Amino acid sequence: MAELKEAELFAFLPPIKERNQKSVIIIPGGGYSKLTYDEGAFQIAKWMNTLGISAFVLNYRLPTSPDLIQKEIAPLQDIQAAIKYIRKNSAQWGISPNQVGVVGTSAGGHLAAMASNMLTDYTELKGDWENISTIPNFAILFCPVIDLGEYAHKGSRDSLLGENASLEKIKEYSMQNLVTEKTPPTILFHNQDDTAVPSMNSILYFKAMTKNKVKGAMFIFPKGGHRFFVTDKDPLNENWKKLCADWLLSIGNK
């Protein structure tokens, strides 16, 4: 597959009469070395539409692309630009610029957390773009990569920071260290038996949220591995959909 030179957004819009003010940008996972769309992104986008929520799936540049100057910033630039783009054009879709969320799975969860907590605008967009915030209004994280230290998904860390990342760099990109009272409301879903990305990743993030009085919720299911699918038939795990839908209603549906 040819390297992506610029990011793309795939729009999934509910019928206008069923549409509410909320929208989400869905960030696929893939360990920062590839992007997994099928179950992880497109299905969730279609499911969001059933709630009246507009969904945009982000095809972002990977840090492994050869032509990047600062590789660990490229994916962040793309999600920040996408957030600005949705806000700037929100009127044409009949959505609110102040109800734009991010949904991230696995490494996409790490990128969603970066967007939630990194306050520097890396987009380099000028003019009236400069005044549009890059911070999402809420976040939904599925088995997210959070910690790049003890509980790291090694593949994601190596792809993002390189194999010989310094301890400072690892700390800087471990998202539990960046949570502040400004972090947007966040809901986390994880499985206890996830061997790819240990559930401690979500626990560390939620602990930092609680410490900083960030509103949110965390649900850890006993089994299910490294995945949350819309088509889940497990009687316990399939509850994530109801929990997520109810939480989205609870954070205001103007």
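Let's start in the sheet. Strand 5 and strand 6 (residues 186–191) pair in the parallel sense, over four bridges. Two strands count as paired if DSSP finds at least two bridges between them. Helices (H or I, at least four residues) and strands (E, at least two) are DSSP runs, numbered from the N terminus.

A word on the source. This is a predicted model, where local features need pLDDT of at least 70 and side-chain atom pairs count only at pLDDT 80 or more, while totals for chains, interfaces and linings use all residues. Residues are numbered from 1 along each chain as its sequence is written, and side-chain values use heavy atoms, with hydrogens and water left out.

Seven strands form an open sheet, in the order 1-3-2-4-5-6-7, with mixed pairing. Strand 1 and strand 7 are the edge strands, each pairing on one side only. From one strand to the next, the twist averages 15°.

What lies across strand 5, strand 6 and strand 7? Helix 7 does, running at about 155° to strand 6. Axes here are lines fitted to C-alpha atoms, for helices over the stretch in contact, and angles run from 0 to 180 degrees between N-to-C directions. Contact means heavy atoms within 4.5 Å.

Next, helix 2. Helix 2 covers residues 74–88, and its end C-alpha atoms are 21 Å apart. The expected span is 1.5 Å times one less than the number of residues.

Is helix 2 enclosed or open? Twelve of its 15 residues are buried, so helix 2 is largely enclosed by the rest of the structure. Buried means under 20% relative accessible area, exposed means over 50%, and partly exposed is in between (1.4 Å probe, protein chains only). Among the buried ones are L76, I79, I83 and I86. The buried residues pack against strand 1 (8–12), strand 2 (23–27), strand 3 (54–59), helix 3 (90–93), strand 4 (100–105) and helix 4 (107–117).

Most residues other than glycine have a negative phi. C143 is not a glycine, yet its phi is positive, about 35°. C143 sits in the loop between strand 5 (138–142) and helix 5 (154–161). At 0% relative accessibility, C143 counts as buried. K213 also has a positive phi, near 60°. K213 lies in the loop between helix 7 (200–211) and strand 7 (216–221). At 72% relative accessibility, K213 counts as exposed.

Last topic: salt bridges. How many does the structure hold? Eight. A salt bridge is a side-chain nitrogen of Lys or Arg within 4 Å of a carboxyl oxygen of Asp or Glu.

Take D158 and K154. Their side chains meet at 2.6 Å, N to O. They are four residues apart in helix 5, so about one helical turn separates them. D158 is buried, at 16% relative accessible area.

Then D246 and K242. Their closest N and O atoms are 2.6 Å apart. This pair is four residues apart in helix 8, again about one helical turn. D246 is partly exposed at 37%, and K242 is exposed at 53%.

Finally, K223 and D234 form a salt bridge of 3.2 Å, N to O. Both residues lie in the loop between strand 7 and helix 8 (239–250), eleven residues apart.
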